[in-house]
Structure formats: C-alpha cells, structure tokens
Protein chains: 2
Amino acid sequence: MRALLLLSAAVLIGAAPPQKPKTPSEIVAQAPASVWRDIDPDDLLVMDLGSGGRVVIQLAPEFAPVHVANIRALAKGSWWTGSTIYRVQDNYVVQWGNNEGKKPLPTGVVAKPPAEYHRALKGLTVRPLGYPDDYAPQAGYASGWPVGYDAKAGTANLTHCYGYVGVGRDLSPDTGTGGELYAVIGHAPRHLDRNIAVVGRVIEGIERMSSLPRGTEALGFYKSERQNVPISMVRLGSEIPAAERPAFQVMDTNSATFAAYLRGRANRNDDFFIRPAGGVDLCNAPVPIRRKPS
Amino acid sequence: MRALLLLSAAVLIGAAPPQKPKTPSEIVAQAPASVWRDIDPDDLLVMDLGSGGRVVIQLAPEFAPVHVANIRALAKGSWWTGSTIYRVQDNYVVQWGNNEGKKPLPTGVVAKPPAEYHRALKGLTVRPLGYPDDYAPQAGYASGWPVGYDAKAGTANLTHCYGYVGVGRDLSPDTGTGGELYAVIGHAPRHLDRNIAVVGRVIEGIERMSSLPRGTEALGFYKSERQNVPISMVRLGSEIPAAERPAFQVMDTNSATFAAYLRGRANRNDDFFIRPAGGVDLCNAPVPIRRKPS
C-alpha cells in the first residue's frame, strides 16, 4: 500500500535536517500559544444530529451581524429542533433547517434582514493572499477569515470555501432569515460570493455532512422525507454548560506564523513534492483552527 | 422550503424572455450535436463496486500515455478484482487498488513509467480560460480537458480538479504503476499538479466515492480492513459487450458553444444572481460531459 500524498513526509523519513524549512503542518503544530485566539462561545453554533454526531460552526458576526443575531435567536428559541438536513448535492452544498412555515420565528428574529453580502473594508486589517483571485479584485485574510475585497470600492466579503456556511434565500430582494443554512461540500462555489450572506464555517464535523448520501432529485433534494437527516438540537456554545462546552481557537491571520504557513502552502517543500506550485488560491490555504488545549 | 441556489431559475419562472442570455445549463442542454465528441470505449474505465454501484472514469492517453497503457493492461488482466477502496480523506481524495505486493502485475505493465506530469504544449489547441491561475502561468482547455500551461517552457499539464484521477506513488523517483489510483473529492488540490501523473476524471458515479465514510486514521485511511469498500470488477469500456457498454460524449472545448458556456460560468445571469462574478477559476468551469443520446 502506497502511503502517497502525505501531508508531511516527516513521519516517513524521521527527523528532517535542521536547515530544512518547516512544512505548513509543522508550522501549525509548532505555532506559539500567542498566535491562537479563543473563539467566543457566542460565536459557536453546536448542531447535534439525530445519529449522535455533532457539527460545530463558527459564526462571523463581523461580516453579517443581523443574520448572525438571527441565528443566535433561532438557536436560543430551539427553532431547529425537529428540523432536518434535506438536501445534499454532490460537489456543492448540504442544506438544512426546513422549519419555515411550520414553526413561528422566535422573538427577536428580523424577518427581512439587510443584504449582508459584503461589508466595509474599513475596520479590517487585511493580509493579502499574494496571488491573483478570479472572483474579487484582491483576496486575503482578515480577523481570521478568508476575504475577497475591493480596495477601490472599500468593500470586503467572506468567501464560499469548503465548509463555509451561507443563508438560504429565495430570489432577491429576499435575503433569508438564517433559518435555512447550507455548507459547502465541494470545490469552492465562489460565484455565490456577494450574492448570499455567508455567516460562518464548519470547524468540526464537516465529514458528517459531506459523507451523507446525495439526494437524487434535482439540486440534490432527497426524494422522500424519510431520507431527511434529523437534527436533534442546535445550541450556541454559550448555552452549553461550561464543563461540556467545546472550545476552539483560530490562528491570528496577522501573525508571522500565519504568514509562514501561507508561504508554505504556496511552496510545498516536503519530500513528496518535486515541483512546488509557487502559488495558492484562497480556499486552498484554509485558516488553521484547533481545539483549545486543556 | 427555499429552493435556493438554483442552477437555473428557468424552472421557477417559466420561459425566459427571448432577449435574455442563456444560462450555462441551458447552453449545455441546447448544444448542437456537432459539438459533442464520442469518448472512445478504450478510454473508459468502468469500475463496479461490491455494493452494485458503478463509477466510470475517462482516461487521458494524450497526457499520460504510459500510465494509461498500464491502466488498460491492468484492467484487461482483471488486476483490480479483489482490491478495495481503503482511504477516504475528507476534502481531499478517495484512494483504491491495494493489490500491489499481493498480485503480480499483468504482462505489458511497465513497472517504472516515466514521470508523465506534464506534456509538450505543441500538438494541443488551447482555449485560454481568460482569467488568472494561481498554479500555472496560464490556464485553459485543450482536447476536452482543463490544463495549466506554460507557453514559454512549452509544457501543459492536467489539473487536480474535483473528480480528477491521479496515480498513487511513493517518493520520487517512483511515479506509480497506475495500480493505485485516487480521485479528488474536495476543493481542487492544485498543488499536486505536475507532481503526480493525472490520468483521467470520473465522469459518472463520483457521488458513490465522495459519500463514503471518511477513514479515521491519519490521511483518511480506514482503521480496519473490514471497513474497506470492495471493488468487484474494473473493465475497459471496450471489454464490455457493445449492447451493455455505457457511452459518453464530451463537449469540444474549441467550439463556440463551449466559449459561450465558459462566459456564462464567469457571468452567472439567472435570476438568482444579483452580482455576477466576472471571472471563474479553471475547476469551477468543468468541461460538459453527457451520456450519448440513443
């Protein structure tokens, strides 16, 4: 059995010579504690599936404040209890939350949020990706998130990378309440950027969604409601007793460590690679996230 | 239930006004017969899983002739019978074919093929993508395939887009025989381009691989051999009796229809979109492929 495509060949070859640059995985594993930022428990959406599996989403209030406030209110109102995952389209999205029309919206949910498809660039400290982007004038990272941005227009937007979570909506001017969400499970559908409110990303358990059976109807909807995947409970991290609450950290994208990681992703240097690309696209250099060490 | 993220809003709104440009899906659905090219049955690798599901791969002899010749010889020698899918790594690859060391290579298989990681640009008619690429000086399409290329160096390579199939190898100078293969099931890992022989793409049944349970060991290997997914039979299309043989066609990437499709992918214009991107990346404009109409 060939152990190909190793993320780090270090396991194969033992200790690397000291002059050798670290691989991206090594940079992340050896990052100093100072570059890790705790994720606020109010920014964690913890989704327990009927099967017992758990999916954890980090919310992005800096980019879609009204939609994120809605999602928090929906979670606190136990709105998703009894809802399901009802759409799984290969190389595209998993979608859940079919409670609209069945259950009244909890108090505090804004029925028609503004179109939070981009925000002001001002107030963000952006680290440029350093390579061209096909969907925005520039691309980079800000506040621990990948962004497309337009320095001339003064706007920035979250991007549809793998695992990123957006708000289902009908045709414009509808923007969606946040009650129906989807996560990307394929090649980044970046054409959706700036057309939908991106509200966060799956930071644990994406494989519980991406490995679900694909729906056989148009757009990946399940044919029968019996195929729907039950969601037993969705809570904010802050609603979970501290002792049981999962805790995560995200790497500071303005740190020198992140800069080294990004360089490493663009110039793979472990023994498997014979030709480093000398470039990388935004969604192929995901922001490192980890469980907070206890 | 919100019918969001429609590939074509035409189903919702009925007939579009005549002056409206066609969506990419409409362009493909209405493409004239003259733009479709039959795929040679010798270029089809038909893989039947133990579960009864089928995965069909189109081989790319123009790009990796020795590896493809090996794969044909392995198929004719029933080499994969009794092998398995033994690795499923989320947002990365599915890998199969663990027969090496168990079964002698059939006659005609070259044990150490050359490094077919790129080919001469000469002989290819390339349609440029028209947007920047982060992994090659230029990107485009040639002979029905997405390619990175370097006009100065005179080279072109197949790219690791979703569903693309590469040859597992050990550390260089090993290039792999073709006996162990992988398919991409996540965001395009383009950093592997020009480091591995890409030999084709899954053209039907990728969802049978992408929805498999993820392996829990490092790099997505299954923990126990009992989790491996049995492969019952792998044949060339040409080995299957004509009446039962699946037949496919690929769109001519030099056709005006493909050019219109590519423009449409870069400028989504159905009613769902409020801001077309004005750009697209190579792996987000996949070459249209269809079952040959009977």
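Pro173(A) is found in the loop between strand 11 (164–167) and strand 12 (181–184) of chain A, where helices (H or I, at least four residues) and strands (E, at least two) are DSSP runs numbered from the N terminus. In chain B, Pro173(B) lies in the loop between strand 11 (164–167) and strand 12 (181–184), and a cis peptide bond with omega of about 15 degrees joins Ser172(B) and Pro173(B). The model is a predicted one, in which local features need pLDDT of at least 70 and side-chain atom pairs count only at pLDDT 80 or more, whereas totals for chains, interfaces and linings use all residues. Residues are numbered from 1 along each chain as its sequence is written, chains are lettered from A in the order in which they are written, and side-chain values use heavy atoms, with hydrogens and water left out.

Most residues other than glycine have a negative phi, and most peptide bonds are trans. Ser78(B), which is not a glycine, has a positive phi of about 50 degrees; this residue lies in the loop between helix 3 (65–76) and strand 4 (84–88) of chain B and is partly exposed, with a relative accessible area of 39%. Here buried means under 20% relative accessible area, exposed over 50%, and partly exposed in between (1.4 Å probe, protein chains only). Leu219(B), likewise not a glycine, has a positive phi of about 65 degrees, is placed in the loop between helix 4 (206–210) and strand 14 (229–236) of chain B, and counts as buried at 17% relative accessibility.

Asp252(A), in the loop between strand 15 (248–251) and helix 5 (256–266) of chain A, is buried, with a relative accessible area of 18%. Not counting residues up to four places away in sequence, Asp252(A) touches Val35(A), Arg37(A) and Phe258(A), contact meaning heavy atoms within 4.5 Å.

In chain B, nine of the 11 residues of helix 5 (residues 256–266) are buried, so this helix is largely enclosed by the rest of the structure. The buried residues include Phe258(B), Tyr261(B), Leu262(B) and Arg265(B), and the elements of chain B that cover the buried residues include helix 2 (24–29), strand 7 (126–128), strand 8 (138–142) and strand 15 (248–251).

Chain B can be laid on chain A with an RMSD of 0.0 Å by a turn of 180 degrees and a shift of 0.0 Å along the axis, the superposition being by least squares on the C-alpha atoms of residues with pLDDT of at least 70 in both. The two copies are thus related as by a two-fold rotation axis.
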